[in-house]
Amino acid sequence: MTARKPDMERAAAADRAEAVVAYRFYLQAMAEGDTPTLDALLDDAFTLTHMTGYVQPKTEWLSQIREGQFVYHSIEEKGLDVDTHGAGVVRLVGRTLTDATVYGTRAKWRLRLTVDFTRQDDTWTAVRTVATTW
């Protein structure tokens, strides 16, 4: 039984590291307005819960990025907490300074992004993001 614990800890550490890489690709794709990459990184059932509480489906959010209603000029990572929630499930809580234009209004947002990732085969996919402020 004790021989399995180090293996499980190594697997959990690897999961966390891989999910962090996926999270940073996600932020980079947002800043670049790269909707094809976002589409690949996000689960088909992905939702983004905005600061207002509105739960937005993936297709609507990506469409609004393509149409220029959401423009992420830059996203600066200010902190990141990572927690494993079982095999193949990781929650990241990132604090960012996000310069964005949302529906025509540009501001720098202190966003707290809680992102749930799952491993599907060998790929980490975001299934949900909740945005609040910090």
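1. Start with the pairing of Glu-77 and Arg-24: their side chains form a salt bridge, 2.9 Å from N to O. (A salt bridge here is a side-chain nitrogen of Lys or Arg within 4 Å of a carboxyl oxygen of Asp or Glu.) Glu-77 sits in strand β3 and Arg-24 in helix α1, so this bridge ties together parts that are 53 residues apart in sequence. Helices (H or I, at least four residues) and strands (E, at least two) are DSSP runs, numbered from the N terminus.

2. A quick word on what you're looking at: this is a predicted model, where local features need pLDDT of at least 70, side-chain atom pairs count only at pLDDT 80 or more, and totals for chains, interfaces and linings use all residues. Residues are numbered from 1 along each chain as its sequence is written, and side-chain values use heavy atoms, with hydrogens and water left out.

3. How exposed are the two partners from point 1? Glu-77 is partly exposed, at a relative accessible area of 29%, and Arg-24 is partly exposed too, at 43%. The cut-offs: buried is under 20% relative accessible area, exposed is over 50%, and partly exposed is in between (1.4 Å probe, protein chains only).

4. By the salt-bridge rule, the count comes to ten. One of them joins the side chains of Lys-78 and Glu-76, at 2.7 Å from N to O. Lys-78 counts as partly exposed at 45% relative accessibility, and Glu-76 is partly exposed with 40%.

5. Have a look at Arg-91 and Asp-116 as well: their salt bridge has its closest N and O atoms 2.6 Å apart. Arg-91 belongs to strand β4 and Asp-116 to strand β5, so the pair links parts 25 residues apart in sequence. Arg-91 is partly exposed at 28% relative accessibility, whereas Asp-116 counts as buried at 13%.

6. Now the inside. The largest nonpolar core has 29 residues, and Tyr-26, Leu-38, Trp-61 and Phe-117 touch the most other members. (Such a core is a set of buried Ala, Val, Leu, Ile, Met, Phe, Trp, Tyr and Cys residues joined through side-chain atoms within 4.5 Å.) Helix α1 gives the largest share of this core, eight residues.

7. Which residues does Tyr-26 contact, leaving aside its neighbours within four places in sequence? They are Leu-38, Leu-41, Leu-42, Phe-46, Trp-61, Val-115 and Thr-129, where contact means heavy atoms within 4.5 Å.
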